[in-house]
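Here are my notes on the model you sent over. Have it open beside you while you go through the points.

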Amino acid sequence: MSTGRRRGGTAALALLAALSALPAACLAVTSPYVRPAPRATLPLHKGADDDADGQTPQQVHISMVGADKMRVTWITDDAAPAIVEYGTTSGQYPLAATGNTTTYSYVLYKSGNIHDAVIGPLQPSTTYYYRCSSNPSREFSFRTPPATLPFKFVIVGDLGQTEWTESTLKHIAAADYDVLLLPGDLSYADLVQPRWDSYGRLVEPLASARPWMVTEGNHEVEKLPVVEPAPFKAYNARWRMPHDAGATPSGDNLYYSFDAAGGAVHVLMLGSYADHAAGSAQHEWLRRDLAAVDRGETAFVVALVHAPWYSSNEAHRGEGDAMRGAMEALLRGARVDAVFAGHVHAYERFARVYGGEEDPCAPVYLTVGDGGNREGLAGRYADPQPAASAFREASFGHGRLEVVNATHALWAWHRNDDDEPVLADQVWITSLAANPACRRNNN
């Protein structure tokens, strides 16, 4: 672990001690903050890629594959080799991996050549430089995540492509983090396939430098009766996740899991729009996956869904209830520590809840569907505010989860306040695996 990471952990523990001396905060807070006006959707033009030729890599993004590998995905307009060359020195690429190329059609749209290649094994906490398709015009770099705690996630949902999205991405880029988690609704293409391309260009500066781990939302479905009956065509083609890797591969790109920090954190990326009923493939996979987690070794387990299981916002009320009814007992039984959702375009943090009642051995529930989408914010909440709803605010923003050690993680939500990231909500989350009252067999 580097000196900087040790100092970060020490500072976080010092903050924990300071906060523990403060009086208990009043629960059920509805923020009085008045949000700024909506902002425009960004244009479709290529911007910096306008002068690129057909073999220039674009829309580059990376995702974790197992403990020490990374999938690199990129697009070229013309045919090009699916090769990634890489190394630890800028301009020198002694290592290489060859992958696959695919395309897809959607009504009258034909995608570019979508390439992906898995590189590794890679060293943790190391900067690698790489180029795609042997093209010398663009060099990229990424930093691999650490293999130990502390570990820093950014969590943001419902990004879209507006000027608010740009603001959110700017704030995220200024933060020091290891992996970005996105609980669905990426591009808001909504059938307009060139919007997937503009989204790929928009997020490339961040998504090519840190792993982006995503799951699907309703805006990824993109079905058209008769003409395009298959759902998730663009999403599955462009954002391939490690569903075929790990101890319990799911076999479906719509849900999967992965480990971080050398197995100290287990992340469940669940599919709100894949069958989740008891007996379904996803339900059976989740049962197997949770049974394989050793909470003696895995300090934290977190889950991501798209439609919230708990929300006091008037938007999308009840849309996550069926999934909650099918899976909530599995998550509580495995002592999952936190569940993050998108879909509702606002921020809300619930206490630990199970079956609609506060439960000290259940997950904390958070909604972060506030990345900057074009549909605007969901500003109507139920009144009175439920006692289990600890904090809620209809603003754009993003969250940061730092797993500091085997017992404590610090969650902080930052609102976009006139282009400035302002810390608006913060809470320490204690590992349920470290709580003697909640210890039980994973099964």
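1. Start with Val353: its bridge partner in β20 is Glu358. Strand β19 (residues 347-354) and β20 (residues 357-358) run antiparallel and are joined by two bridges. Strands here are DSSP runs of E with at least two residues, helices are runs of H or I with at least four, and both are numbered from the N terminus. Two strands pair if DSSP finds at least two bridges between them. The β19–β20 hairpin has two residues between its strands, and Gly355 there takes a positive phi near 60°.

2. Some ground rules before going on. This is a predicted model, where local features need pLDDT of at least 70 and side-chain atom pairs count only at pLDDT 80 or more, while totals for chains, interfaces and linings use all residues. Residues are numbered from 1 along each chain as its sequence is written, and side-chain values use heavy atoms, with hydrogens and water left out.

3. Which other strands does β19 pair with? One is β21 (residues 364-368), antiparallel over five bridges, with Arg349 opposite Leu366. Another is β22 (residues 389-393), also antiparallel, with four bridges; there Glu348 has Arg392 as its bridge partner. Seven of the eight residues of β19 are buried (under 20% relative accessible area, against over 50% for exposed and in between for partly exposed, with a 1.4 Å probe and protein chains only). The strand is therefore largely enclosed by the rest of the structure.

4. Now the open sheet of four strands, ordered β5-β4-β10-β11 with antiparallel pairing. β5 (95-98) and β11 (140-143) are at the edges with a single partner strand each, so one side of each has no neighbour in the sheet. The twist averages 30° from one strand to the next, taken between axes fitted to C-alpha atoms (for helices over the stretch in contact), with angles from 0 to 180 degrees between N-to-C directions. Four bridges hold β4 (residues 83-87) to β5, and Tyr86 stands opposite Leu95.

5. Next, the second largest pocket, at about 550 Å³. A pocket is an open set of points on a 1 Å grid over the protein atoms alone, with protein on both sides within 12 Å along at least five of seven lines; in a cavity, a 1.4 Å probe fits but cannot get out, and lining residues have an atom within 4 Å of a point. Points are joined across faces, edges and corners, and a volume is the space filled by probe spheres set on them. The pocket has 31 lining residues, with Gly66, Ala67, Phe258, Asp259 and Ala260 nearest its centre. β15 (256-260) gives the largest share, four residues.

6. At least three lining residues come from each of domain 1 (49-144) and domain 2 (147-438), with bounds from an automatic or database domain assignment.

7. Last, a look at Gly296, in the loop between α5 (281-291) and β17 (300-304). Gly296 counts as exposed because its relative accessibility is 69%. Its C-alpha atom is 7.3 Å from that of Ala433, 137 residues apart along the chain.
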